[in-house]
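Work through the exercises below with the predicted model open. Each one gives a task and then a stepwise solution.

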Amino acid sequence: MTTGSPKETSDLTNQANSDLTTPSGPLPGFVAALRVAVVAGVFTLVVTALLVWNYVTHLAKDPLDSPQYLALQKQLAADPQNEQLKEAIRELDLRLRQEYFRARTFNRWGTLLLIAGLITFAIFAKIASTLRRPLPHPSATEVWDEAFERATRRRLVAVAGFVVLLIVAVAILAWRARGTVHQALALRGAVPHQSGGELAQGSGPQKESSPEAAATGQDKQSEKSGTVQPAVSTGAPVGNDAAPTEEFARFWPRFRGPNGDGISTHPDPPVEWNAEEGRGILWKTPIDLPGHNSPVVWDKFVFVTGATEDRRVCYALDADSGKVLWQRDIPPTPESRGKKPKVMKDTGFAAPTAATDGRRVYAVFANGDVAALDFQGNILWVKGLGIPDNAYGHASSLCTYRNWVIVLFDQGEPDDDKSKLFALEGPTGRVVWQVTRPTGNSWTSPLIANLAGKAQLITVANPFVISYNPEDGTEWWRFDGTTGDCGPSPTVHGDLVIAGGEYSYYMYAIRGDGSGDVTKTHKVWEAEDALPDTCSPLAFDHYALWISSTSVLACYNVNTGEKLWEHEFPDNTFASSPSYAGGKVYLFSKEGACWVGTVTDQEFKIEHENSLGEGCVTSPAFQPGRLYIRGEKHVFCIGH
């Protein structure tokens with residue numbers, strides 16, 4: 001056997017050891033991963049810059065504070081009959097609204113792209129960092145290159161720090177943008193789709209969670225799932241002293257009528273009037289405080305509310321003469337005293353419509369205070385729910401069940417446990433039950449309907465349509481599909497719940513006989529054209545109608561979801577929900593016009609165009625031969 005010399009053997013050994021300890025170059029794929037990480041990093045920086053620019057130029061200020069818009073408004077105040085000036089304001093208002101919502105859409109998609117860019121950067125930066133590290137080549141002593149390991153750790157820390165900084169920047173940007181989202185409703189016409197605690201006078205706050213649950217650590221879990229939290233009573237329950245059920249059909253006890261659907265069964269509604277000429281106007285009464293809530297009528301009483309930043313008032317008018325029977329200032333609660341809620345100009349401090357059980361009237365305001373008054377104007381109790389974390393200002397109307405008032409108090413984001421649903425005892429304000437909802441802030445109003453042979457309390461918010469048992473607040477079913485800013489309130493037709501809107505991307509028809517999660521099992525149809533952002537849908541006969549943010553009235557077959565037709569109103573905008581009375585549809589525009597007409601499978605046939613003489617964002621209340629509506633400055637009674 002031939003062997004080398006001792007020197008050659010030594011040289012070969014040294015070469016082998018050198019091969020084992022000398023790091024090789026980056027592994028295959030390093031350059032590609034590095035390039036992707038660099039591109040993703042540049043992409044995130046560009047998107048961040050664009051989002052900052054979009055926020056500063058479009059979202060940081062109320063578009064209606066535009067110097068050009070304010071100048072035109074000032075000119076109109078000096079020359080209120082200038083039609084050319086009014087048209088210029090309408091065109092500018094439309095352009096500002098369109099620009100604002102384009103900016104919001106840009107911000108939404110930009111944020112998603114930024115998150116995608118951050119994730120891509122983090123993944124490929126990690127891959128590049130790993131591929132740059134050579135495979136371990138143990139030396140004879142099996143000692144790693146510690147200096148290389150330290151350098152690798154520094155690179156990973158630097159990458160992680162950069163990602164964290166970008167995430168923090170995105171979070172700050174999203175929070176700042178969310179703080180200005182409340183401006184959007186002013187551009188959309190602030191909703192009369194509205195809702196409405198207990199601080200029984202002379203009593204202390206109530207504990208709202210079950211002692212048994214607290215002892216077992218179950219409270220938080222039950223809140224997360226949206227289950228009921230029973231109240232600890234401060235007194236014996238009061239029996240049901242509300243008016244009989246049949247009386248509710250006679251009057252107009254809540255937003256959009258006894259069933260919350262905008263449908264009147266009263267005969268002979270008025271179809272022609274002109275407030276500027278006094279024709280068809282039985283009376284009109286000025287209200288000194290602003291409010292975008294709709295009239296509530298019970299017997300000889302018409303109830304509305306008004307509020308400013310510092311004052312909240314409930315009004316009772318005589319239904320026959322329009323005389324103010326009483327007006328009562330609602331004092332602040334400890335939860336609201338000294339605090340100012342943020343609201344949109346067109347939402348205001350009194351957007352929610354009141355409700356009555358036939359014995360008391362209930363009102364809720366933007367500062368989270370709920371009040372109960374008797375029909376003589378005496379305050380029975382006031383409860384503070386706290387200043388709501390609501391982007392536009394609180395606008396959800398109240399409804400009643402038995403002698404309980406139901407308060408939908410949505411706020412915050414879907415996963416922060418801020419949204420609540422309350423049932424408050426009418427005579428005392430005692431919390432009968434409350435539920436923590438897995439939803440974000442919304443501006444929809446709840447309704448109670450008989451579906452599948454049982455009473456169901458229907459609510460809509462991001463991301464769920466949820467049906468509750470109004471007896472105890474337990475959940476019947478939920479549908480996952482609504483998202484974003486939910487403004488249109490739901491309606492019920494037969495066994496269908498119709499809910500959704502522009503920011504949910506669809507209007508849905510959902511069968512109301514389910515249980516649990518019905519997302520995949522109970523959707524009958526979905527519609528995606530001419531969706532409303534504020535106005536609630538109307539369903540009657542075999543029709544479903546709604547008005548879009550672009551002033552398009554759309555008609556669908558309520559049973560199949562087939563679109564039948566569209567009707568445009570190019571010179572008007574709408575915040576008032578459509579109503580149905582005497583076989584005719586009533587449409588009130590923000591400019592004060594009202595169209596009365598009939599619906600067929602082919603068209604909306606306008607029969608009468610009327611004028612209120614002032615702006616209108618509320619929905620009408622019907623009584624036999626009469627229509628009550630609140631305008632910008634007056635409450636009107638229209639009749640024969």
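**Exercise 1.** Classify lysine 300 by its relative accessibility and describe its salt bridge.

Step 1. Lysine 300 has 40% relative accessibility, so it counts as partly exposed, because that class lies between under 20% (buried) and over 50% (exposed).

Step 2. Its side chain meets that of aspartate 320 in a salt bridge of 3.2 Å, N to O.

Step 3. Aspartate 320 sits in the loop between strand 6 and strand 7 (324-329), and lysine 300 in the loop between strand 4 (296-298) and strand 5, so the pair ties together parts 20 residues apart in sequence.

Step 4. Aspartate 320, with a relative accessible area of 39%, is partly exposed.

**Exercise 2.** Are aspartate 410 and arginine 437 buried or exposed, and what joins their side chains?

Step 1. The two side chains meet in a salt bridge of 2.8 Å, N to O.

Step 2. The loop between strand 13 (404-409) and strand 14 (420-425) holds aspartate 410, and the loop between strand 15 (431-436) and strand 16 (447-451) holds arginine 437, so parts 27 residues apart in sequence are tied together.

Step 3. Both aspartate 410 and arginine 437 are buried.

**Exercise 3.** Trace the salt bridge between aspartate 241 and arginine 360.

Step 1. Their side chains meet at 2.8 Å, N to O.

Step 2. Aspartate 241 lies in the loop between strand 1 (228-230) and helix 9 (245-250), and arginine 360 in strand 9, so the pair links parts 119 residues apart in sequence.

Step 3. Aspartate 241 is partly exposed at 31% relative accessibility, whereas arginine 360 is buried at 5%.

Methods. Residues numbered from 1 in each chain as written. Predicted model: local features only at pLDDT ≥ 70, side-chain atom pairs only at ≥ 80, totals over all residues. Heavy atoms only, no water. Salt bridge = Lys/Arg side-chain N within 4 Å of Asp/Glu carboxyl O. Helix = DSSP H or I, 4+ residues; strand = E, 2+ residues; numbered from the N terminus. Buried < 20%, exposed > 50% of the residue type's maximum accessible area, 1.4 Å probe, protein only.
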